[in-house]
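Please look through the sequence and the model shown here before reading on. The report below is meant to be followed with both in view.

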Amino acid sequence: GAMIGTFRLVLSSEKPVRIILDEDRIDVTSKKILSEIKAIDEELSAHFVKSSEVIDINNDSLLLIVDTQSPKIAMNEGLIEKFKRVAIIDHHRTGDEGFVDTVFSYVEPYASSTVELVSEMLNFYQKERIKVPAFEATIMLAGIVVDTNNFTFRCGSRTFESASNLREYGADMIE
């Protein structure tokens, strides 16, 4: 969910964007969601690349990593070293193996999920400028639901406000 939200932020900023995703590294639930994305969302699907396909990295390239600070659980630890510019958006506490050389780090351990943080960032864009399709907003909302165990764990007013923002984009709680 956070990955999709950041994709929309970058796309609405009129910057080139790719989503680095190695299917063999994701869990069963994520594979189901990926299958749905490929079936429903051509625009989003067109931006997926495998880490082995990322070859045109230059000094202006930015690797934006969401929902982790640990290189060991990132999609491809070896790829990280190829980027001179790395940014992190995460809600987990910083561990011993956290990234040290970032150009931007937004780590808020008190947030319920990284989607909550990304959803808040959507508010800095004009509604007519940023387009988040309902299907993608639903996936983002699912990220909050999972991280909060159905809004029963680590929830605050910011969590519900983020969920409300996603509902404005058409997120479907039942779906």
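This is a predicted model: local features need pLDDT of at least 70, side-chain atom pairs count only at pLDDT 80 or more; totals for chains, interfaces and linings use all residues.

Residues are numbered from 1 along each chain as its sequence is written, and side-chain values use heavy atoms, with hydrogens and water left out.

**Salt bridges**

Side chains of opposite charge can pair when their charged atoms come close. The structure holds six salt bridges, a salt bridge being a side-chain nitrogen of Lys or Arg within 4 Å of a carboxyl oxygen of Asp or Glu.

| Pair | N to O distance |
|---|---|
| Glu43 and Arg8 | 2.9 Å |
| Arg8 and Glu136 | 2.7 Å |
| Glu120 and Arg158 | 2.7 Å |

In the salt bridge of Glu43 with Arg8, Glu43 lies in helix α3 (residues 42-45) and Arg8 in helix α1 (residues 2-12), so the pair ties together parts that are 35 residues apart in sequence. Helices here are DSSP runs of H or I with at least four residues, numbered from the N terminus. Glu43 is partly exposed, with a relative accessible area of 40%, whereas Arg8 is buried at 4%; buried means under 20% relative accessible area, exposed over 50%, and partly exposed in between, for a 1.4 Å probe and protein chains only.

Arg8 also forms a salt bridge with Glu136, and because Glu136 belongs to helix α6 (residues 134-147) while Arg8 belongs to α1, this pair ties together parts that are 128 residues apart in sequence. Both Arg8 and Glu136 are buried.

Glu120 and Arg158 meet through their side chains in another salt bridge, and since Glu120 sits in helix α5 and Arg158 in helix α7 (residues 157-168), the pair ties together parts that are 38 residues apart in sequence. Glu120 is buried, with a relative accessible area of 18%, and Arg158 counts as partly exposed at 30%. Salt bridges that share partners join Arg8, Glu43 and Glu136 into one network.

**Helix contacts**

The axes of α1 and α6 come within 8 Å and cross at roughly 135°, which makes α1 oblique to α6. Axes are lines fitted to C-alpha atoms, for helices over the stretch in contact, and angles run from 0 to 180 degrees between N-to-C directions; angles under 35 degrees count as roughly parallel, over 145 as roughly antiparallel, 65 to 115 as roughly perpendicular and the rest as oblique. The contact, meaning heavy atoms within 4.5 Å, is made by Ile4, Gly5 and Arg8 of α1 and by Glu136, Ile139 and Met140 of α6.

α1 also packs with α5, at an angle of about 20° and with the axes 8 Å apart, which makes α1 roughly parallel to α5. From α1, Ala2, Gly5, Thr6 and Leu9 meet Thr114, Val115, Val118, Met121 and Leu122 of α5.

**A serine in α5**

Ser119 has its place in helix α5 (residues 114-122) and is buried, with a relative accessible area of 0%. Leaving aside residues up to four places away in sequence, Ser119 touches Ser162, Asn165 and Leu166.

Notes: Helices (H or I, at least four residues) and strands (E, at least two) are DSSP runs, numbered from the N terminus.
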